[in-house]
Amino acid sequence: MGLSDLISNRNRKRLFESSVRSFIPRYTYVPFSDSTDSLGDTSLSSGDEVKEGQTIAISRGFSTEGANMHSSTPGKIDSIGTCTMPNGKIGNVVKIMTEGSFSYLGKSLKKSDWHSMSKNILLDTFKTKGVANSFDLEDIPLSTQIHECTLSTNRFLAVRMYDEDPSRVTDTFVAEKFSNEVIEGSLIIAKAFEARGIAFAVSKKSHVSADEFENINLPSIVVSVDSDDYPQGFRQNIIDAVKKASKNLENSEFNGINSQCLFIDPETALSAYEAVVFGVPVMERFVHVGGDCLNSVAMFKTRIGTPVSFLVEQCGGFKMKPQKIIINGINVGNSISTCDVPVTKSLKSVSFIPQSQISIQSVVPCIRCGKCRNVCPEKLLPDLYYKAIMENLHLSQEIRETTKLCIHCNLCNSVCPSRLSLSQAAMLLCGKDDKK
C-alpha cells in the first residue's frame, strides 16, 4: 500500500460532520496578485486602516475581467511585501494587523434576487467581489474565464461535486453541507456564462439528494461517478461521463460538451452565491488540515491570509515532526518546505506526513519499463516527454500536441520505479507550445 492509499483510506472514514471556524489571527497576509502573475493596483500603504471586506487591490484589465482582492479582517496595514505562497512561488501580500469591528461576520445580511440581474451585472459582481475559480487548484478569476470563452455553441457548465484527489475531502464536504447554495450558485454562474445547460458530476457515495436537482429551470444532467476509481475528477473524465450518460437521452444536447466549456468546483459556486445573493466578498475558504503528525485534524472555515501555521496551532500543534507538507492532495498537489504560508483562494488542504509514511525516493535513469505508458488514462508517452525535456530533443509537432491531453493526474509519477518527474515534463512541453 502506497502513501496515497494510506491517506485516502483514512480520509474516507472521516468525512467531517461540520467545519470549525478558525480563530481570527493577529496578522493576516492577504495576497493581491492574481493567477496570471500580473499585479493588481492598490493605493494603500503602511499605516492605512481597512475594513473587513474592503477592496485592497483592483484587478487590471477590462471591466468584466479579473477578481479584486479584499481585506479578510478589519485592522491596520502593517506592511506591503512578499511571502511564499502555497504553490511555492513568491507572491505579493498585504500584511494586516487585526483590530476593530467586523462588517460582515456575525451580521444579518439582506438577500438579493439575482434572477433579474443581467449577465453584465453578474460578471461585474464576480470581479468586484473577488470570485475565483479553483477547479484547477488555481485562483483564476471567474469573470476572466467567462469573458475569454469563445464558444458560440455548446456552452455548458460542468460542476464537479466531489474531490478529484481522493486524499482530500474539501470539495465533497462543501458540496454535501451546502448543496442548495452550491446548486443555486451554479445557476447564477450558468446565467452569466449563458450556458446551454448544466452537468453535475456527483459521487456515487454522495449524500446529496437527487430531489435537490429537480427544480433547476435550465437543461441539466446529473451523472454518477465512482470517485474512488482514480482518476475521475478531471475535465476529460467528466466529459466522458456526461457523454456516456447522454447516449440514453434522445437528441441530448449534452453530447456537445467539450474541454472549452466552463468547469467549476463547489467552492467556486458557493462563492458566487454569497457574492451575488448577499454581496459578500470572497474572504474565507474551507481548508482540510490533516495528517498523522497533528494532535487533531479539522475542516476549517478560515480567513484568506491566515497563516497555515496558525491553523496547526488550533489543531493542538504537532505530536511528531512532519517530514513532508503537502498542499491540495497527495496525487495532484505539491510539497512545500514550510507551513508559514497564507491561506489563498485556491488552497483546499494541507497534509502533514511523518517519516514513517515516506519511502526513500532516489532518482535514477529511466529503465524503459513502460509502466508510465500503461497506467496513463489518456494513453500518452510520459517517458518520451521526460527524455525530450532532459536531453533537449526535437519532437514532432504531432507528438508535442499530445501533451495538451495530459490531465495531470500524476499516475505516471506514482508508478515510475526511477522516481522521474514525468507529469511535470508533459506540463513543461505543453507550456513551451503555449508560448510560441
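Helix 10 hands over to Asn392, a residue with a positive phi, near 55 degrees. This is a predicted model, and within it helix 10 spans residues 382-391, with Pro382, Asp383, Tyr385, Tyr386 and Ala388 buried.

Positive phi turns up at other asparagines too. Asn328 is not a glycine, yet its phi is positive, at about 65 degrees. This residue sits in the loop that joins strand 16 (324-327) to strand 17 (334-336). With a relative accessible area of 5%, Asn328 is buried, since the cut-off for that label is under 20%. Asn410, again not a glycine, has a positive phi of about 70 degrees. Its place is the loop between helix 11 (397-402) and helix 12 (411-415), and at 15% relative accessible area Asn410 counts as buried.

The backbone also holds a cis peptide bond, running from Tyr230 to Pro231, with omega near -5 degrees. Pro231 belongs to the loop between strand 12 (220-225) and helix 6 (235-246).

Now for the helix pair. Helix 2 (residues 119-128) packs on helix 5 (residues 179-193) at an angle of about 120 degrees, and their axes are 8 Å apart. The crossing of helix 2 past helix 5 is left-handed. On the helix 2 side, the contact is made by Lys119, Leu122, Leu123 and Phe126, which meet Ile188, Ile189, Lys191 and Ala192 of helix 5. Sorted by type, the residues of this contact come to six nonpolar and two charged, with no polar ones.

How values were computed:
Residues numbered from 1 in each chain as written. Predicted model: local features only at pLDDT ≥ 70, side-chain atom pairs only at ≥ 80, totals over all residues. Heavy atoms only, no water. Axes fitted to C-alpha atoms, helices over the stretch in contact; angles between N-to-C directions. Helix = DSSP H or I, 4+ residues; strand = E, 2+ residues; numbered from the N terminus. Left-handed = near helix turned anticlockwise from the far one by under 90°. Contact = heavy atoms within 4.5 Å. Nonpolar A, V, L, I, M, F, W, Y, C, P; charged D, E, K, R; others polar. Buried < 20%, exposed > 50% of the residue type's maximum accessible area, 1.4 Å probe, protein only.
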